[in-house]
Amino acid sequence: KVTGRIDFVAVREGDPVKKGQVIVRMDDAEVKAQLEGANARLTAAQQQERQARVQLAVTNSQIQESQLNVEQAQGDSKGRIFQAQANVASAQAQLQQAEAQVNQARAELRLANLDRERFRQLTEEGAAPQQQLDQAQTKLETAQATLKSREAAVNSFRKLVNAAQGQLEQAQTTGLNPQIRN
C-alpha cells in the first residue's frame, strides 16, 4: 500500500485492462522529496564518519606523541638519577681521599713536633746547630699548615657530598613524576 495523491487515471471504471497496464500514476513528488532527504542524511552521516575517522587518527597520533614524551621523560629521569648517583660516589671517594690525607698530615705533624723537640734539646745541650732546630721548627709549621689545609678540604668535600646527595634525592623525587622537568 502506498499513500499519496493520484496524478493521472488511465482507465475508467468498467474499462477492460491488461496485465502490466498502467492504471493510475501517483504523484511522486513527496516520495522523491523523502528520497532526497534520506540521501542528504546519508551524505551527512558519511561526512560525519569521515570527520570522526580523521579526528580519531589525530587523537591516536596525539596519544602516541604523549606516550613517547612520557618514555623520554622517564629515560631522562633515569639518566639524571644515574648521573646523581655517580656524583655522590665520586664526592664520597674524594672525601675519603681527603680524610686519608688529613690522617697523613696528622702523622707528619706528630713527627715534626717530635723532631723539633729533639733538636730543641740537642741545641740546648750544644749537640746540634741552631739551623737544624730552625729547620725542624719550619717543618712543624709547614705540617700544621698542611693539616689545616687538608681539614678544610675535608669540610669542602663533606659539603660536596651533601650537595650531591641532595641532587640525587631531587632526581629520585623527580623520577617519581617524570613529567616534571628540571
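Student: Which strands each supply at least two residues of the nonpolar patch?

Tutor: They are β1 (6–9) and β2 (24–26); strands (E, at least two residues) and helices (H or I, at least four) are DSSP runs, numbered from the N terminus. This is a predicted model, where local features need pLDDT of at least 70, side-chain atom pairs count only at pLDDT 80 or more, and totals for chains, interfaces and linings use all residues. Residues are numbered from 1 along each chain as its sequence is written, and side-chain values use heavy atoms, leaving out hydrogens and water.

Student: What makes the nonpolar surface patch?

Tutor: Ile 6, Val 9, Val 17, Ile 23, Val 24 and Met 26 make it, over about 490 Å². Patch residues have over 30% relative accessible area (Shrake-Rupley, 1.4 Å probe, only the protein chains shown as cover) and no salt bridge, with nonpolar side chains (Val, Leu, Ile, Met, Phe, Trp, Tyr) joined within 5 Å and like charges within 9 Å.

Student: Why is Ile 6 called exposed?

Tutor: Exposed means over 50% relative accessible area, buried under 20%, partly exposed in between. Ile 6, in strand β1, has 52%, so Ile 6 is exposed.

Student: How do you know that Arg 158 forms a salt bridge with Glu 99?

Tutor: A salt bridge needs a side-chain nitrogen of Lys or Arg within 4 Å of a carboxyl oxygen of Asp or Glu. Here the closest N and O atoms are 3.4 Å apart, and the pair forms a salt bridge. Arg 158 lies in helix α2 (residues 130–176) and Glu 99 in helix α1, so the pair ties together parts 59 residues apart in sequence.

How values were computed
Buried < 20%, exposed > 50% of the residue type's maximum accessible area, 1.4 Å probe, protein only.
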